[in-house]
Amino acid sequence: MKIDRRLDAWMRDGIIDADAAARIRVYEEKQRRPMALYALVGLGALAVGVGLIAIVAANWELIPPWLKLGADLALGLGFVAAIHRYLRPDSPLISEALLILYYLFVLASIGLLGQVYQTGSPLRLALAVWSLATLPLLFFTRSTFAGTLWAAGLVTTYTVNAVEWIDRAPDDRQPDLALTVSVALPMLLLLSGWLLRRTSVKAALVFEELAWLGIVLGSFSACFVWYVQVDAGDVTWGGVAALALCMVPVALAKPLFGDKARMAIGSIGVALAATLFPILLPHEEWRLVGGLAGLLVLGYFAFAAWSIGHRGAFSTLTAALGVRIVVVYFEVFGSLMSTGLGLITGGVLSLLLAWLWARSSARLKNSFDAEGEHV
């Protein structure tokens, strides 16, 4: 166990004594949750929900409409009664399973109403009603699995509606709208994670990490705009909207990010600059600039992960940085690929990066252990 190794190290260094270590072990045992069991319960509830939908779908034409609606109403009332009965701290597994089943049940009910009454409503509207109707339940979830499920549903709803908005907009407004909705998503996830902290800590962590994943991927992807020609006026009000959206988490930096507020503000600033510069600055096809900008973005976020002690993010970003360096090399010196010299040089560069990474891994590990790993 990681906590045992840390306690042993602290005792050897004289930071704590044996009695303090014993008390810490007892406390950690009380706080520990059977994550595998929670995941198993979540997967079981998901399988049951999908199975019920499959059974009904297989016999759909044989069931009269009144029976469909009546059974749906009865099942819904049964879910509400069961959730009210078991939504207590002493029965977390049952309540999580019921919440997940009810989450899927609401989506199936919306589909049922559409089929019976032949509403012809688009998918984006059904997803929006589903997400809004089940959003309050998110504040009662206690597991990472449920938080991930809700986050996936909300992101899917947002993406489907955003794509529809962009497609329906006039051609000259589509770039501005695309930029706005792309920047808005991670900002909304950050704010949602903040709102969930008091009632559902694990779901809040899922939303916050998903938001930062979107910020990193979005800012890195924006660097590829340097690979195409951009004319003046392609993006106008979208840049202002993106700037305004990023100012919301910056203004709430202290409650949102706590002691890491300064690093979070810097990361948002880098992401905003990496996104707006290639879009707002008229340019030709500058592949080298795009490649170098992508390296700078990955390098900064790797430094940010190291600064806050997030070992997993640091390892992933440094690996991506190494791969990107090799890719940029082949992009810049692609003409050498027709000869063995290009392959040899690229291979040597890859081996050099691997050697540097292996050489610094021990020092980085000690640094993470000293500062404490972020979970």
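Glu208 is buried, with a relative accessible area of 15% (buried means under 20%, exposed over 50%, and partly exposed in between, using a 1.4 Å probe and protein chains only). This is a predicted model, where local features need pLDDT of at least 70 and side-chain atom pairs count only at pLDDT 80 or more, while totals for chains, interfaces and linings use all residues. Residues are numbered from 1 along each chain as its sequence is written, and side-chain values use heavy atoms, with hydrogens and water left out.

**Salt bridges**

- The structure holds 3 salt bridges, each being a side-chain nitrogen of Lys or Arg within 4 Å of a carboxyl oxygen of Asp or Glu.
- Back to Glu208: its salt-bridge partner is Arg197, and the closest N and O atoms are 2.7 Å apart. Glu208 sits in helix α9 (residues 201-222) and Arg197 in the loop between α8 (174-196) and α9, so this pair ties together parts that are 11 residues apart in sequence. Helices here are DSSP runs (H or I, at least four residues), numbered from the N terminus.
- Arg197 counts as partly exposed, at 30% relative accessibility, whereas Glu208 is buried.
- Glu164 and Arg168 also pair up through their side chains, at 2.6 Å from N to O. They are 4 residues apart in helix α7, which means about one helical turn separates them.
- In that pair, Glu164 is partly exposed at 25% relative accessible area, and Arg168 is exposed at 60%.
- Glu285 and Arg287 make a salt bridge too, with 3.7 Å from N to O. Both ends are partly exposed: Glu285 at 48% relative accessibility and Arg287 at 39%.

**Helix packing**

- Two packed helices are described by the angle between their axes and the distance between the axes.
- Take α5 (residues 92-117) and α7 (residues 144-168): their axes come within 10 Å and cross at roughly 15°. Axes are lines fitted to C-alpha atoms, for helices over the stretch in contact, and angles run from 0 to 180 degrees between N-to-C directions.
- That makes α5 and α7 roughly parallel to each other (under 35 degrees counts as roughly parallel, over 145 as roughly antiparallel, 65 to 115 as roughly perpendicular, and the rest as oblique).
- α5 passes α7 in a left-handed crossing; left-handed means the near helix is turned anticlockwise from the far one by less than a right angle, and right-handed means clockwise.
- Helix α4 (residues 65-86) and α5 also have axes that come within 10 Å, and those cross at roughly 160°. So α4 and α5 are roughly antiparallel, and α4 passes α5 in a left-handed crossing.

- Val289 belongs to helix α13 (residues 287-308) and is partly exposed, at 34% relative accessible area.
- Together with Leu281 and Trp286, Val289 forms a nonpolar surface patch with about 240 Å² of accessible area. Patch residues have over 30% relative accessible area and no salt bridge; like charges are joined within 9 Å, and nonpolar side chains (Val, Leu, Ile, Met, Phe, Trp, Tyr) within 5 Å. Areas come from the Shrake-Rupley method with a 1.4 Å probe, and for residues only the protein chains shown count as cover.
- The C-alpha atoms of Val297 and Ser267 are separated by 9.4 Å, and the two residues are 30 apart along the chain.

How values were computed. Helices (H or I, at least four residues) and strands (E, at least two) are DSSP runs, numbered from the N terminus.
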